[in-house]
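Please find below a colleague's note on the structure shown here. The points are numbered so that each may be taken up separately.

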Amino acid sequence: MTREDRLIQRMEQGDTGAAHELIEIFYPEILRYCLWHAPNRSLAEDAAQETFLKVLRYADRYAHRGKFRPFLYRVAANTCIDMRRRVRGFEVSLEEVTAEPAGEEAGYREVRSDMVMRQLVAGLPEDLREIVLLRFGQDLTMREIAEVVNIPLRTVQTRLRSALKRLKKDMEKGEEW
């Protein structure tokens, strides 16, 4: 039995400390995941909090099979989808990101690079984007990704290869900027 399963069992027995511990363990990575799906930090924090509220509320629906992390990400993904339906946020255009500033501050190039990468990933179709974010943004294994997006492992591998080829092609095009 995994540590997460033991914490959920303790929660079911009324131990509120177990819920705090579970949130403490996973909140940073779920927030990072939500940041990729939200137009701003405030909405990402709301989505992360709502994810944990749903997990705590529906913990009895979780089957203790040592697969809590994929279950948690599936709840986070659905929460982010709901959030996108409710809020049509702003999108930063690639032209805005690549425009040269009047004066360059320290760290600007790293932030700009992150924004360009985010824009490139955002340009992928939804099914490819989600796999890239789960693999490289959240460091999930291929098997965990297959469980989160509910597709076969081979399909995850194929889609990841396809996404990486597209990103490489887009980045080569972008070097002209």
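The points that follow concern helix packing, aromatic pairs, salt bridges and the nonpolar core.

1. The structure is a predicted model. Local features are described where pLDDT is at least 70, and side-chain atom pairs count only at pLDDT 80 or more.

2. Helix α1. This helix spans residues 3–12, and its buried residues are E4, D5, L7, I8 and M11. These residues lie on the same side of α1, because they cover an arc of only 160° around the axis. Their packing partners are α2 (16–37), α3 (41–57) and α4 (68–86). After α1 comes G14, with a positive phi near 95°.

3. Aromatic pairs. How many aromatic pairs does a search of the whole structure find? The search returns four. In the pair formed by Y27 and F52, the ring centres are 6.0 Å apart and the planes meet at 35°, so the pair is classed as tilted. Since Y27 belongs to helix α2 and F52 to helix α3, the pair ties together parts that are 25 residues apart in sequence. Y27 is partly exposed at a relative accessible area of 22%, whereas F52 is buried at 4%.

4. Aromatic cluster and a charge over a ring. F26, F68 and F71 make up one aromatic cluster. Elsewhere, R135 is placed over the face of F136, at 5.9 Å from the ring centre.

5. Is E144 buried or exposed? With a relative accessibility of 16%, E144 counts as buried, because the cut-off for that class is under 20%.

6. Salt bridges within helices. Side chains of opposite charge can pair when their charged atoms come close. In helix α4, D82 and R85 are three residues apart, about one turn of the helix, and their side chains form a salt bridge at 3.5 Å, N to O. An α-helix has 3.6 residues a turn, so residues three or four places apart point the same way. D82 is partly exposed, with a relative accessible area of 26%, while R85 is exposed, with 59%.

7. A further pair, in helix α9. D170 and K173 form a salt bridge whose closest N and O atoms are 3.9 Å apart. The two residues are separated by about one helical turn, because they are three residues apart in helix α9 (residues 153–174). Both partners count as partly exposed: D170 has 22% relative accessibility, and K173 has 47%. Salt bridges that share partners also join E50, K54, D82, R85 and R86 into one network.

8. Surroundings of D170. Which residue is 50 residues away from D170 in sequence and 7.1 Å away in space, C-alpha to C-alpha? That residue is L120. D170 itself is found in helix α9.

9. In soluble globular proteins, nonpolar side chains tend to be buried together. Here the largest nonpolar core has 45 residues, of which I30, Y33, C34 and F68 touch the most other members. At least two residues of this core are supplied by each of α1, α2, α3, α4, α6 (108–122), α7 (126–137), α8 and α9. F68 also takes part in the aromatic cluster with F26 and F71.

10. Contacts of Y33. With its neighbours within four places in sequence left aside, which residues are in contact with Y33? They are Y73, A76, A77, C80, E130, L134 and Q138. Among these, E130 and L134 are buried residues of α7.

11. The positive phi of G14, in turn, follows α1.

Key: Residues numbered from 1 in each chain as written. Heavy atoms only, no water. Buried < 20%, exposed > 50% of the residue type's maximum accessible area, 1.4 Å probe, protein only. Helix = DSSP H or I, 4+ residues; strand = E, 2+ residues; numbered from the N terminus. Arc of directions from axis to C-beta. Contact = heavy atoms within 4.5 Å. Phe/Tyr/Trp six-rings, centres within 6.5 Å; stacked < 30°, edge-to-face > 60°. Lys NZ or Arg CZ within 6 Å of the ring centre and 35° of its normal. Salt bridge = Lys/Arg side-chain N within 4 Å of Asp/Glu carboxyl O. Core = buried A, V, L, I, M, F, W, Y, C linked by side-chain atoms within 4.5 Å.
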